Amino acid sequence: MDYHSEFRRSIDKPEAFWREQAGKIDWIQQPETIWQATDNGHGHWFPDGTLNTSDIALDANVRAGLGDQKALIYDSPVTGAKRSYTYSELTDEVARFAGALKAQGINKGDRVIIYMPMIPEAVIAMLGCARIGAVHSVVFGGFAAHELAVRIEDAQPKAVITASCGIEVTKVIEYKPLVDKAIEQASHKPDFCVVYQRPQARAQMHDGRDHDWSDLMASAEPADPVPVKSTDPLYILYTSGTTGKPKGVVRDNGGHAVALKYSMKLVYDANPGDIFWAASDVGWVVGHSYIVYAPLFAGCTTVLYEGKPVRTPDAGAFWRVVQDHGVNLLFTAPTAFRAVRKEDPEADQLARYDISSLRRIFLAGERLDPPTYEWLREHTQLPVLDHWWQTETGWAICCNPVGIETMVTKPGSATVPSPGYNVQVVSPGGSQMPAGEQGQIAVKLPLPPGCLMTVWGDDQRFQDSYLKPIPGFYSSGDGGFIDEDGYVFVMGRTDDVINVAGHRLSTGEMEEVVASHPAVAECCVVGAHDEMKGQIPLGLVLIKNGATIDHDELEEELVEMVRDRIGAIACFRRALVVDRLPKTRSGKILRRVIRQIADGEEYAVPSTIDDPSILEEISEQFGRPLSKKH
Ligand code: COA
Ligand code: AMP
């Protein structure tokens, strides 16, 4: 089968196409109905099928004879630990943890928040929830207590599962005080917490509420996988939107399993027994899909790496892991290799390791800049493949479909739409743009299986954010173009979402924090270019009349506030005091122009600007020459 005919079939005959893919997973009850439109303008995949995601990830592989094969390899340069679990061992651990949760009163449909570092217990907790039909919501460990509280408030979990600490290079970050603070802040109180105690820090336990992971496991009875409907939620994963309130992306069980299994072949050409390493974090969608679920659905061995690309201990860390575990397929964010390249520009570290097991390198999470692509190609001599997707979609919207046909790579392009995604570039009015012209990237409905069902607790927000902007389409929030050969070029977000080191953050949310400082009259936060992290937030602040605070002091306080409310991961380090902010005549802040000036890019003076002379003032404050487009 070639790519074009597979793609056409997926668009022209989606039900036949996905029925065939659905046949490749172990359902408890095979679905008769493949697609059912719903009245929110979207629909459900495989609505009458039943299955269990933990069964598909684990027990099904044991039944297929892979019980003694490694399912998970844990490699932790920050603690020196290395261990692995076979499919049989991981199944037993997950069944016992599921049993422990059940014994504590967790049932199908209950929410469980998981706030954990990159340790096997995080994976066991996720799969344990799936086994009993509980809905997990993993919160990335780099988020502050306030962010965790917001998610507790929204998801209303019955339980929070955490560990005593995370380890960031050499810093031990205690998680339990953050969990306690978040629970204190939220009006919803979980019934109980489970705490995995690590030797690097011991958590203080609350009598009657907190349980030690090891104690629960010691007395737990293993739980069997419970049947859930294809359309029952598997997880909620919060992601940044344009406002301060994150969106809880809801993923189903059936569509997710079918799509992810398909993606392992299509996008990564992975086969059972392959060693698959997604160097990300379970707190992000890349971690959900390609550390935990998809590699196990495909009978691969997944690598869980608790470390960084650099400093743990050096820029050879990735190559060392590839060598030690015989990694065949590596997936990470471009920023990780920008960090490696910065420390080891000639790739001297690479020469110290044998990476002959590696077949391909995959990158996503942010735009793959051509210099990083070229550097990786030149030094590894391996295929380097960009693919574009989002928390909302759960798997690649565009990729190089190497599992069916390897396409020529064009640097700067995420290649072609994955089968199932009818990708189009449209104008704000919804008409299709000619080849080569930029517009909004949208996907004609229906979306394929695996994509979000709704926004948790707020279907109206789901419709308003994704379906209403361009009727008949899913709005991706990214802008770009499709060239004459059908290659998709993603140029960046068209909203207030920024991408810092492959992490998606909301400038709107940072603005809310900055604006809450008593000396701040008005502010805006834009994503300025950064050599290593792609973008970093930059605040522009107007001080209230009569406020006398020193500018450096104000900056320090604002940096601390963002760290405290959102987390260190926001990388908010600069806030510049300005006299005025450029606005349109209707009062809208011209963020795009501010960003262009900060980056020293050429910009056009918007015709709607209230007072163009402000742009010169801002340029001077940034110390940038003006580069107006004429
Ligand atoms: N728990 C607690 N704190 C965390 C954390 C976690 N899980 N992850 C990051 N942080 C903290 C860091 O310690 C740092 O704090 P600091 O300001 O006190 O130093 C801050 O958040 C910023 O972290 P990070 O963006 O990771 O910056 P870095 O300089 O430590 O490392 C990179 C830079 C590029 C090496 C790193 O971002 C990286 O490996 N990125 C890979 C991208 C990736 O995995 N993306 C996920 C989607 S694919
Ligand atoms: P997240 O939901 O955190 O995965 O972030 C999704 C966003 O990251 C997308 O909307 C894009 O803006 C960006 N992104 C992800 N992958 C790519 C890619 N390959 N090229 C360009 N941008 C990307």
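Ala, Val, Leu, Ile, Met, Phe, Trp, Tyr, Cys and Pro count here as nonpolar, Asp, Glu, Lys and Arg as charged, and the others, Gly among them, as polar. This structure is a predicted model, in which local features need pLDDT of at least 70 and side-chain atom pairs count only at pLDDT 80 or more, while totals for chains, interfaces and linings use all residues. Residues are numbered from 1 along each chain as its sequence is written, and side-chain values use heavy atoms, with hydrogens and water left out.

## Cavities

A cavity is a set of points, on a 1 Å grid over the protein atoms alone, where a 1.4 Å probe fits but cannot get out; lining residues have an atom within 4 Å of a point. Grid points are joined across faces, edges and corners, and a volume is the space filled by probe spheres set on the points. The count comes to 3 cavities of 30 Å³ or more. Two of them are set out below.

| Cavity | Volume | Lining by class |
|---|---|---|
| Largest cavity | about 80 Å³ | 7 nonpolar, 4 polar and 1 charged residues |
| Second largest cavity | about 50 Å³ | 5 nonpolar, 3 polar and 2 charged residues |

Helices (H or I, at least four residues) and strands (E, at least two) are DSSP runs, numbered from the N terminus. Strand β2 (residues 43-45) gives the largest share of the lining of the largest cavity, 3 residues; the lining also includes H42, D252 and C451. For the second largest cavity, the largest share, again 3 residues, comes from strand β20 (residues 384-386), and Y373, K410 and P411 are among the other lining residues.

## Helix packing

Axes are lines fitted to C-alpha atoms, for helices over the stretch in contact, and angles run from 0 to 180 degrees between N-to-C directions. Helix α5 (residues 120-131) packs against helix α10 (residues 285-297) at an angle of about 60°, with the axes 11 Å apart. α5 is therefore oblique to α10, as angles under 35 degrees count as roughly parallel, over 145 as roughly antiparallel, 65 to 115 as roughly perpendicular and the rest as oblique. In contact, meaning heavy atoms within 4.5 Å, V123, M126, L127 and A130 of α5 meet H288, V292, Y293 and L296 of α10. This contact has 7 nonpolar, 1 polar and no charged residues.

Helix α3 (residues 53-66) and helix α4 (residues 87-103) cross at roughly 140°, and their axes come within 9 Å. Among the residues making the contact are A57, L58 and D59 of α3 and Y87, L90 and V94 of α4. By class, the contact of α3 with α4 has 7 nonpolar, 4 polar and 1 charged residues.

Definitions and conventions: Chains lettered and ligands numbered in written order. 1 Å grid on protein atoms, 1.4 Å probe; cavity = no way out; pocket = protein on both sides within 12 Å on 5 of 7 lines; lining within 4 Å.
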